[in-house]
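Visitor: I have a structure to look at, and I am new to this. Can you walk me through it?

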Amino acid sequence: MTGPHLSPREQIVLRRFSEGATCSRIAHELGISEVSLRVYSHRMRKALGARSIAHAVLLGCRAGLLDGQPQRHGDHAGYTAHLRRGEEPCEPCRLGERAYRSTQRAGNREVA
């Protein structure tokens with residue numbers, strides 16, 4: 001990779017911001033305080049040379065750090081995203097796919 005170096009945690013923060021997640025949601029998902037999240041966010045923006053979160057997302061896309069596709073997990077969309085990328089679906093996505101198919105079958109039974 002020829003772009004800026006981000007720590008794994010900074011990459012997660014950048015990706016979650018690119019997906020539209022809020023600071024409080026990201027902090028909760030990572031199990032950290034919002035103050036700690038702001039530190040990661042500041043370091044990530046500094047490494048990218050960004051003035052804001054939106055600017056960081058743009059620069060992250062340009063640097064190839066983001067593929068432009070949300071990294072969803074735990075639902076039908078996450079399961080199909082794994083398949084489109086040629087990956088083996090993760091366990092949360094498998095469970096989400098099972099739940100999705102179950103609700104689809106239940107809906108089909110009601111129609112019949």
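Guide: Start with how two helices cross. Here, helix 1 passes helix 2 in a right-handed crossing. Keep in mind that this is a predicted model.

Visitor: At what angle do helix 1 and helix 2 pack, and how far apart are their axes?

Guide: The angle is about 140°, and the axes of helix 1 and helix 2 lie 10 Å apart. Angles over 145 degrees count as roughly antiparallel, and 65 to 115 as roughly perpendicular. Helix 1 and helix 2 are therefore oblique to each other.

Visitor: Which residues meet where helix 1 and helix 2 touch?

Guide: Helix 1 brings Arg9, Ile12, Val13, Arg16 and Phe17. Helix 2 brings Cys23, Arg25, Ile26, Glu29 and Leu30. Sorted by kind, the residues of this contact are six nonpolar, four charged and no polar.

Visitor: Now burial. Which residues of helix 1 are buried?

Guide: A residue counts as buried under 20% relative accessible area. In helix 1, which spans residues 8-18, the buried ones are Glu10, Val13, Leu14, Arg16 and Phe17.

Visitor: Which helices do the buried residues of helix 1 pack against?

Guide: They pack against helix 2 (23-30), helix 3 (34-48) and helix 4 (53-62).

Visitor: What follows helix 1?

Guide: Gly20 does, and its phi is positive, near 90°.

Visitor: Let me try helix 4. His55 is found there. Is His55 buried or exposed?

Guide: Compare its value with the cut-off for buried, under 20%. His55 has a relative accessible area of 17%, so it is buried.

Visitor: What is His55 in contact with, leaving aside its neighbours within four places in sequence?

Guide: Gly49 and Ala50.

Visitor: Step back to the chain. How many helices and strands does it have?

Guide: Six helices and zero strands. Along the sequence, the pattern reads α-α-α-α-α-α.

Visitor: What share of the chain's residues count as buried?

Guide: The chain has 112 residues, and 26% of them count as buried.

Visitor: And what share of the contacts joins residues 24 or more positions apart?

Guide: Consider the contacts in the chain with a separation of 6 or more. Residues 24 or more positions apart account for 36% of those.

Methods
Residues numbered from 1 in each chain as written. Predicted model: local features only at pLDDT ≥ 70, side-chain atom pairs only at ≥ 80, totals over all residues. Heavy atoms only, no water. Buried < 20%, exposed > 50% of the residue type's maximum accessible area, 1.4 Å probe, protein only. Helix = DSSP H or I, 4+ residues; strand = E, 2+ residues; numbered from the N terminus. Contact = heavy atoms within 4.5 Å. Axes fitted to C-alpha atoms, helices over the stretch in contact; angles between N-to-C directions. Parallel < 35°, antiparallel > 145°, perpendicular 65-115°, else oblique. Left-handed = near helix turned anticlockwise from the far one by under 90°. Nonpolar A, V, L, I, M, F, W, Y, C, P; charged D, E, K, R; others polar.
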